[in-house]
Amino acid sequence: MRRRTGAPGGRAGRVTAAALAPVAAVAAAHIVPAATWLPRFRVRCFPRLAGTGRPDHIALTFDDGPDPVCTPHFLDELDRLAVHATFFVLGERVARHPELTRHIAQRGHELAVHGWTHSRPWLPTPGRDLRETARAAGVLYDTTGRRPYWYRPPYGILTSGRWAAARRVGLRPVLWTAWGRDWTPDATPASVRTTVLADLRGGGTVLLHDSDHASSPGSWRVTLAALPVLIGICHDRGWTVGPLAEHGLDRRP
Ligand SMILES: [Zn+2]
């Protein structure tokens, strides 16, 4: 008996390819905007998205809090250094720690949306993206009385669904121009500082983490220890350090 194999060039293959084409198109539309994750590509091609601001200023940003174990140490150290920052927080953690969230704002820092949970967006889920982004912005407003303006997706992976959700909720996506790779298990204060400074120019936005929620356990201590020298070097270079709100980015969505 002859086997009917459905080889790629046959009718079955054509049907399969035709059936998969819309899936591939959806997948591409979902993930291609996430190429903005590539830092140097982003800085060159999407300076607004990268957070390139006024050249005499560095925006200091922390992701993944609020965390009752770690975040208070950052608030104390930033007080000591007389610097304010932007904290990209997770909605479910804001809901769990409303007092700490209010405390961040009361100490003069800016709060922004990092999503509801720290999820990876491998599959398109536009409904969920919108629901969760709106929920995260809503809990921040309910907790602090201030509407957040900035959005940075978990892992910096800005899919088309997350992009659209942020815009619908009235948030502006901002990624970063320099990071410290402070989430890795072998990070040291010196490595964080060197890694940040390798890509940092005036007008840059620095990504660090005030929690080890999605990082190597205890890595926040390395980040904390890196801050004084890093900020000192910024000052030596004539840059002021502050939150995104003071970074000279225009407020167009
Ligand atoms: Zn994160």
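Guide: Let's start with a pair of helices: H9 and H10 cross in a right-handed way, meaning the near helix is turned clockwise from the far one by less than a right angle. Helices here (H or I, at least four residues) and strands (E, at least two) are DSSP runs numbered from the N terminus. Keep in mind that this is a predicted model, where local features need pLDDT of at least 70, side-chain atom pairs count only at pLDDT 80 or more, and totals for chains, interfaces and linings use all residues. Residues are numbered from 1 along each chain as its sequence is written.

Visitor: What's the angle between H9 and H10, and how far apart are their axes?
Guide: Helix H9 (residues 189-199) packs on H10 at about 45°, with the axes 8 Å apart. Axes are lines fitted to C-alpha atoms, for helices over the stretch in contact, and angles run from 0 to 180 degrees between N-to-C directions. That makes H9 oblique to H10; under 35 degrees counts as roughly parallel, over 145 as roughly antiparallel, 65 to 115 as roughly perpendicular, and the rest as oblique.

Visitor: Which residues of H9 meet H10?
Guide: Pro189, Val192, Arg193, Val196 and Leu197 do, and their partners in H10 include Val222, Ala226 and Ile233. Contact means C-beta atoms, placed from the backbone, within 7 Å.

Visitor: What about H4 and H10, what angle do they make?
Guide: Helix H4 (residues 71-81) and helix H10 (residues 219-236) pack at about 20°, with axes 10 Å apart. That makes H4 roughly parallel to H10. This crossing is right-handed. On the H4 side, His73, Phe74, Glu77 and Leu81 take part, meeting Leu224, Leu227, Pro228 and Ile231 in H10.

Visitor: New topic: where does glycine 218 sit, and is it buried or exposed?
Guide: Glycine 218 is in the loop between strand E7 (205-209) and H10. Glycine 218 is exposed because 11 other C-beta atoms lie within 10 Å; 12 or fewer counts as exposed, 20 or more as buried, and in between as partly exposed.

Visitor: Last one: which residues touch the most other members of the largest nonpolar core?
Guide: Ile58, Phe87, Val113 and Val206, out of 55 residues. Such a core is a set of buried Ala, Val, Leu, Ile, Met, Phe, Trp, Tyr and Cys residues joined through C-beta atoms within 7 Å.

Conventions:
Contact = placed C-beta atoms within 7 Å.
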